[in-house]
Amino acid sequence: MIPRLKLVNVTKRYGSTVANDAISLEVMPGEILSVLGENGAGKSTLMKIIFGSVTPDEGEIYFDGRKVNISSPADARELGIAMVFQHFVLFETLTAKENILLGMPEGTDPKELEKEIIEKSRHYGIEVDPNAIVNDLSMGERQRVEILRALLTNPKLLILDEPTAPLSDTETEELFRVVRHLRKTENLAVIFITHRIHEVLQICDSYTVMRNGEIVDTT
């Protein structure tokens with residue numbers, strides 16, 4: 001089987017600091033891979049490289065077997081890569097629909113988008129009221145908006161950066177249910193970043209440990 005994502009010797013330097021040092025890893029379709037490491041290990045830089053918001057100094061990136069150049073988040077989305085950031089990127093005074101609309105292609109019809117939000121919410125089992133004001137939503141509800149916004153781009157690879165940090169145990173279980181559903185029904189590849197070892201054991205198929213910008217173990 002061809003890897004959904006393959007990194008070969010990806011390196012990123014900031015002056016004398018090597019944030020990522022010759023990183024090589026693979027994520028298969030339908031696989032949930034956890035990337036673990038302390039703060040400063042290089043996880044965030046690596047995810048930003050995959051999502052196109054940081055350009056590597058060296059190395060190669062392959063997506064579905066084809067060598068690619070991801071120079072922006074728009075490039076990543078076009079390939080089928082979506083990312084849900086640890087800190088929500090939502091405008092609190094806008095509705096869920098208006099926030100999602102901001103990430104859609106120019107010319108998207110708001111009425112058609114509302115229908116799609118409702119349909120996708122039901123399909124994925126993610127309850128999102130398109131007309132709810134974000135400021136009135138709980139942390140779990142806000143994350144549903146973020147996840148649904150990502151899923152509306154029809155991704156092949158979804159990056160979840162510390163997704164359980166603001167969630168209750170019940171909301172975490174709900175998130176895991178959605179992730180398992182996506183893996184099973186859509187063969188979605190997922191990169192899951194967390195500090196919580198019990199979550200790795202609960203949801204992930206494999207894990208990669210980073211330390212000081214390097215991969216020290218994958219199993």
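Student: What radius of gyration does the protein chain have, and what would a compact globule with 219 residues have?

Tutor: The protein chain has 17 Å, which agrees with the value near 17 Å for a compact globule with 219 residues. The radius is taken over C-alpha atoms, and the globule rule is 2.2 Å times the number of residues to the power 0.38. This is a predicted model, where local features need pLDDT of at least 70, side-chain atom pairs count only at pLDDT 80 or more, and totals for chains, interfaces and linings use all residues. Residues are numbered from 1 along each chain as its sequence is written, and side-chain values use heavy atoms, with hydrogens and water left out.

Student: What box do the C-alpha atoms fill?

Tutor: Roughly 45 × 40 × 35 Å, taken along the principal axes.

Student: And how many helices and strands are there?

Tutor: The protein chain has seven helices and ten strands. Both are DSSP runs numbered from the N terminus: helices are H or I with at least four residues, strands are E with at least two.

Student: How much of the chain is buried?

Tutor: Buried residues are 47% of the 219. Buried means under 20% relative accessible area, exposed over 50%, and partly exposed in between, with a 1.4 Å probe and protein chains only.

Student: What share of the contacts comes from residues 24 or more positions apart?

Tutor: Such residues account for 70% of the contacts with a separation of 6 or more. A contact means heavy atoms within 4.5 Å.

Student: Let's look at one helix. How many residues of α1 are buried?

Tutor: Seven of the nine residues in α1, which covers residues 43-51, are buried. Among them are Leu46, Met47, Ile49, Ile50 and Phe51. Just after α1, Gly52 has a positive phi of about 90 degrees.

Student: Switching to charges. How many side chains are positive and how many negative?

Tutor: There are 24 positive and 34 negative side chains, and the centres of the two sets lie 3 Å apart. Lys and Arg count as positive and Asp and Glu as negative, while His and the chain ends are not counted. Each charge is placed at NZ of Lys, CZ of Arg, CG of Asp or CD of Glu.

Student: How many salt bridges does the structure hold?

Tutor: Twelve. A salt bridge is a side-chain nitrogen of Lys or Arg within 4 Å of a carboxyl oxygen of Asp or Glu. One of them joins Glu114 and Lys97 at 3.1 Å, N to O. That pair links distant parts of the chain, with Glu114 in helix α4 (residues 110-124) and Lys97 in helix α3 (residues 96-102), 17 residues apart.

Student: Are those two buried or partly exposed?

Tutor: Glu114 is partly exposed at 22% relative accessibility, whereas Lys97 is buried at 15%.

Student: Which residue does Glu146 pair with?

Tutor: Glu146 forms a salt bridge with Arg149 at 2.8 Å, N to O. They sit three residues apart in helix α5 (residues 139-151), so about one helical turn separates them. An α-helix has 3.6 residues a turn, so residues three or four places apart point the same way. Both Glu146 and Arg149 are buried.

Student: Which residues are linked in a network of salt bridges?

Tutor: Arg4, Asp64 and Lys156.

Student: What about Glu31, and where is it?

Tutor: Glu31 is in the loop between β2 (17-27) and β3 (32-36). Glu31 is buried yet has no salt bridge, and the nearest side chain of opposite charge, Arg183, is 8.3 Å away. Leaving aside neighbours within four places in sequence, Glu31 has contacts that include Leu188, Val190 and Asp205.
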